[in-house]
Amino acid sequence: MDGTSPLVVNPSEEDQAGDVWRACLDLIKEKVNTQSFKTWFEPIVPLYLRGGRLTVQVPSQFFYDWLEEHYYTIISATIETVLGKDAHLEYSVKTDDPQLEIDYQIPPQGAPRVERRAFPPQPTSFTTLQPQRPADRSAEAFQSFLNARYTFENFIKGDSNQLARAAASAVANNPGGTSFNPLVIYGGTGLGKTHLMHAIGNYAIANGKARRVIYVSSEKFTVEFVESIQRDTANEFAGFYRSMDILIVDDIQFFAGKERTQDHFFHTFNELHQLGKQIVLSSDRPPKELKGLDDRLLSRFQWGLTSDIQPPDLETRIAILRNKSENEGIDLPQDVVEFIATNVTSNIRELEGCLISLMAKASLEGRDITVDLARDVLKVVVGDVKSPLTIETIQRTVCEYFSIPEDLIRAKTRKQEVVNARQIAMYLAKEMTNCSLKTIGLHFGGRDHSTVIHAYQSVEDQMRIDQKYLSNVTQIKRRLQMIGHV
Ligand code: ADP
Ligand code: MG
């Protein structure tokens with residue numbers, strides 16, 4: 001290529017790059033959620049393929065940093081699968097100035113861009129970076145497969161995860177020495193199971209509570225087991241796992257139906273347990289609902305503690321957003337925090353995803369982070385966020401605000417705090433929906449329309465005389481306005 005214009009690329013190299021990158025995308029798509037895929041992978045442009053070296057273009061340095069920080073493992077594994085062991089991925093960072101783009105070397109933060117430099121030995125004059133392993137991944141951590149980013153410190157406590165977190169912390173402080181052995185954490189996806197399990201391992205190692213800790217997914221355990229049989233190394237495999245102080249196995253629902261693996265795991269489990277070593281497991285559902293799992297194994301789980309993690313409540317969601325944005329060095333306005341926390345309710349991974357997409361969009365488009373921008377992002381992520389308000393949404397929001405169980409608002413109870421919440425919900429239902437008094441009454445446990453009128457008047461009266469009361473109603477109303485059309 002020397003002597004030719006650096007911009008001239010053999011068309012077939014471009015085609016090949018496109019094909020290879022499409023194959024990569026197909027694999028990546030299965031490993032990340034749709035929204036991360038759209039945000040972080042669709043904008044990448046394959047440039048060319050030379051030897052085992054695939055060069056892709058990313059829109060900015062910020063983008064590059066995020067990919068490296070968050071998707072290093074996925075990307076490198078994928079490239080290896082598609083192109084083989086010796087493959088390399090190189091990034092070219094797009095800039096506004098095409099001249100710079102050619103020789104642009106990604107500068108350290110804040111440093112001036114590097115002058116044009118000649119790279120005679122290079123087959124191309126795109127200066128690129130190779131994916132680097134983050135420096136903090138020591139050999140020890142790598143061996144344990146613990147992700148140092150998941151700690152107790154950055155795990156936000158809330159009612160939804162309190163027991164699981166407390167148990168995890170007890171286990172980390174005294175592995176094998178509590179009655180929580182095994183510790184089984186279960187709950188829906190994206191709620192923090194994996195995070196907590198890594199936190200146990202990281203804490204135990206950092207505080208000298210355990211030396212040999214291994215984190216493994218049940219899928220990986222299964223694959224390794226099968227391979228060990230094929231290679232006739234089953235003894236080494238067994239010996240390795242049985243030498244651990246803490247064995248952490250994630251997502252054990254994937255053991256379902258794999259009888260030989262289960263059998264093997266059963267023996268490993270027994271041995272470790274007898275030696276007083278700690279076992280930590282997670283599952284996406286309560287153990288007793290795990291179909292296709294050996295009863296012997298299930299009964300072992302009852303030796304220890306089983307704890308669930310529930311979806312986070314509004315306050316926890318807000319705390320998580322605050323914490324994550326602070327860690328990323330972003331000052332997120334309060335109304336934006338509330339807007340995202342009220343609209344993204346299902347799980348924490350999605351919450352994080354929104355925040356990241358929001359930061360990416362703000363950064364790429366050079367815009368401030370506002371509720372309007374957040375609305376644009378959420379439209380892609382959770383669909384059009386504004387739909388007509390329903391009485392159920394009002395009930396849920398009011399109950400969440402006052403931290404009372406939602407069914408009470410429809411029940412007969414006359415407890416003062418419930419009556420108070422019920423009246424406010426009725427008032428807001430009349431104010432913010434087109435439902436008739438009769439319909440509203442029906443939604444509140446079949447109450448009469450005159451009860452709704454009474455509630456409405458009572459709320460109006462109290463708002464006039466009680467400043468705190470007025471501010472409560474106003475705040476709930478504001479939350480509802482963020483959620484739905486009025
Ligand atoms: P699961 O294993 O239950 O599917 P993860 O542990 O992978 O969920 O959590 C998904 C994401 O949400 C991770 O990035 C994790 O750090 C984050 N996360 C979950 N729970 C919390 C929490 N309580 N505080 C802070 N971050 C959390
Ligand atoms: Mg997980």
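Glu224 counts as partly exposed because its relative accessibility is 23%, where partly exposed covers the range between buried, under 20% relative accessible area, and exposed, over 50%, with a 1.4 Å probe and protein chains only. The model is predicted, so local features need pLDDT of at least 70 and side-chain atom pairs count only at pLDDT 80 or more, while totals for chains, interfaces and linings use all residues. Residues are numbered from 1 along each chain as its sequence is written, chains are lettered from A and ligands numbered from 1 in the order in which they are written, and side-chain values use heavy atoms, with hydrogens and water left out.

**Two individual residues**
- Glu224 belongs to helix 8 (residues 218-230), helices being DSSP runs of H or I with at least four residues and strands runs of E with at least two, numbered from the N terminus.
- Asn181, in the loop between helix 6 (162-173) and strand 4 (183-186), counts as buried because its relative accessibility is 6%.
- The Asn181 side chain makes a polar contact of 3.3 Å with the side chain of Gln278; such a contact is a pair of N or O atoms within 3.5 Å, and within protein one must be able to donate a hydrogen and the other to accept it, residues adjacent in sequence counting only if both atoms are side-chain atoms.

**Surroundings of ligand 1**
- Ligand 1 has 18 residues around it, of which Ile156, Gly190, Thr194, His195 and Glu352 come nearest, a residue being near if one of its heavy atoms lies within 4 Å.
- Oxygen atoms of ligand 1 lie 2.6 Å from a polar backbone atom of Gly190, 3.0 Å from a backbone N or O atom of Gly192 and 2.9 Å from a side-chain N or O atom of Arg349.
- Taken alone, ligand 1 exposes 560 Å², and the protein buries 94% of that, with areas from the Shrake-Rupley method and a 1.4 Å probe.
- Helix 7 (193-206), helix 12 (314-327) and helix 14 (348-365) each supply at least two residues of this shell.

**Nonpolar cores**
- The largest nonpolar core has 56 residues, and Trp40, Phe41, Leu54, Leu67, Ile340 and Leu358 have the most contacts inside it; a core is a set of buried Ala, Val, Leu, Ile, Met, Phe, Trp, Tyr and Cys residues joined through side-chain atoms within 4.5 Å.
- Helix 14 gives the most to this core, with nine residues.
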